[in-house]
Every structure is written in C-alpha cells, then in structure tokens.
Amino acid sequence: MSAQVLVAEDDPKQAELIRRYLEHDNHRVVVVHDGRAAIDEARRRAPDLIVLDVMMPKVDGLDVCRVLRAESDVPIVLLTARTTEEDVLLGLDLGADDYVTKPYSPRQLAARIRAILRRVRRSQDNGEQPLRVGDLVVDQQRHEITFGGTPLDCTPAEFRMLAVLAAEPGRVFTRGQLLSQAFGMDKFITERTIDVHVMNLRRKLEPDPRRPIHLLTVYGVGYKLQDSAADGTPA
C-alpha cells in the first residue's frame, strides 16, 4: 500500500529517521523543515498523507494544519511534545486525523500511518452510498456533509463520529463504542474528547444546542442521532 507522504519536521535527524521507516513501507517520502515549505509542498504535490511537527520555524504546525484543512481533506498526523488534553483537543479540532506525542516509537508512527491509509482506501474503494438521517446527508466518498442542503463544515474527527452515528440512526452508542468505531481506541482520545466533539457538533446541527433535537443524549448510556421528523423530543 504505497503512498506519497509529506514529512514536515525541523529536526533533520528525526526527519531522516521517519523517512527511513516510511520508505521501508514502500512510501514515497518528501521531507521539509519549516511550516512555510510544508504548505508549499502540500499544495504542489497533493500528498496522500502529511506528518506534521507542531513546533516548526516560519509557520508552526497548528497554523499549517489550519491552512491545509481549509483546502483539502488530506490526512494529517501531528507530532508534538505537548501532552495535555487541551493540546490534543486543539489539534483535533483544527482537523488533524491523529496526534502522536514525543518521544514516540517510529514503528508506532509507521503503524498509525498504515492504519489511516487503510481507512481512507477502504472508504474510497467501498463506494458507500451517502448516509441520510432526516435533513442530514453524510457522503463518505466525497467526504462531505450537508444539512438541509447546506454544506456543514466539520473536522475529520467530527466527520467520523457523524458517519458512525448516521450509519445506524436511532441506535444509542456508548462513548466507548464511539471511541472504538470512530477513532480505533486511540489512547490519546478519551471519553471527554467525545463529549467535546458532541458539544461542537450540536453548535453546527441544532437550532438551540441547549435543547438538542438531532444529536441526543441518552443519560447514563451515551448518544444517538435522531431523525427529528420522526421524533422531535429533545433529550
């Protein structure tokens, strides 16, 4: 499963180590050492995946992530020494697909990249029909969500959560099930992260986020996506 991977890492030794591991997996690797070059190369090459260090000169990795996510759905893996939950949530909310903290094992990083690429290829190859729940449409092939005919601006993490919920409307998912199905039990994604994503999605979906009618809480259990035309009772 060969892919073109852009690695943006300002430490030359670390960048070369990542290159060797990814080339061992038959990926084609391009390395840059600052954020400005990362943006330029991503636009020029349209890579299949980007490995992005957060602390970089010229433009930091979070700003690079913000810029590139506004332009494409390319998978982005952030590398950082920041380990607080707030830092993880910030990276994910900006649109990162994964978050790897330093120090890390290059083998683990390579494995995470393989998992992300498998998920992307599986979604592209399956030819899924759009998922429809009332006015909500989740198109996994195009990686687009519309609500009432209007495009909904979602992060990749929010997209994965909505896709899981929309695949079985009315089913109650525990936080653990959402962790497993949307994020593969990534150790950096916690049940608190699920709650934050739900809160952000309600701001985008609900007429009144304080009284949701689409993305409902089932107290003591978890969350479900409800067709409000079928049952408008808020929870």
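**Nonpolar cores and the elements around them**

In this predicted model, the largest nonpolar core has 27 residues, and those with the most contacts inside it are Leu136, Val138, Ile145, Leu162, Leu178 and Ile194; a nonpolar core is a set of buried Ala, Val, Leu, Ile, Met, Phe, Trp, Tyr and Cys residues joined through side-chain atoms within 4.5 Å, where buried means under 20% relative accessible area, exposed over 50% and partly exposed in between, with a 1.4 Å probe and protein chains only. Two or more residues of this core come from each of strand S6 (131-133), strand S7 (136-139), helix H6 (156-167), helix H7 (175-183), H8 and strand S12 (222-225), and H6 gives the most, with eight residues. Helices (H or I, at least four residues) and strands (E, at least two) are DSSP runs, numbered from the N terminus. Apart from this core lies another, of 24 residues, among them Leu6, Ala8, Ala38 and Cys65.

Residues are numbered from 1 along each chain as its sequence is written, and side-chain values use heavy atoms, with hydrogens and water left out. Because the model is predicted, local features need pLDDT of at least 70 and side-chain atom pairs count only at pLDDT 80 or more, whereas totals for chains, interfaces and linings use all residues.

Leaving aside neighbours within four places in sequence, Val138 is in contact (heavy atoms within 4.5 Å) with Pro130, Leu131, Glu144, Ile145, Phe159, Leu162, Ala163 and Ala166. In helix H8 (residues 191-205), the buried residues are Thr193, Ile194, Val196, His197, Val198, Asn200, Leu201, Arg202 and Leu205. The 15 residues of H8 should span 21 Å at 1.5 Å a residue, the expected span being 1.5 Å times one less than the number of residues, and the end C-alpha atoms of H8 are 21 Å apart, which agrees.

Strand S1 (residues 4-8) is largely enclosed by the rest of the structure, because five of its five residues are buried; Gln4, Leu6 and Ala8 lie on one side, and Val5 and Val7 on the other. S1 pairs in the parallel sense with S2 over five bridges and with strand S3 (residues 49-53) over four, pairing requiring that DSSP find at least two bridges between two strands.

Asp25 is found in the loop between helix H1 (12-24) and strand S2 (28-32) and is buried, with a relative accessible area of 18%. Asp25 and Arg114 are 89 residues apart in sequence and 8.7 Å apart in space, C-alpha to C-alpha.
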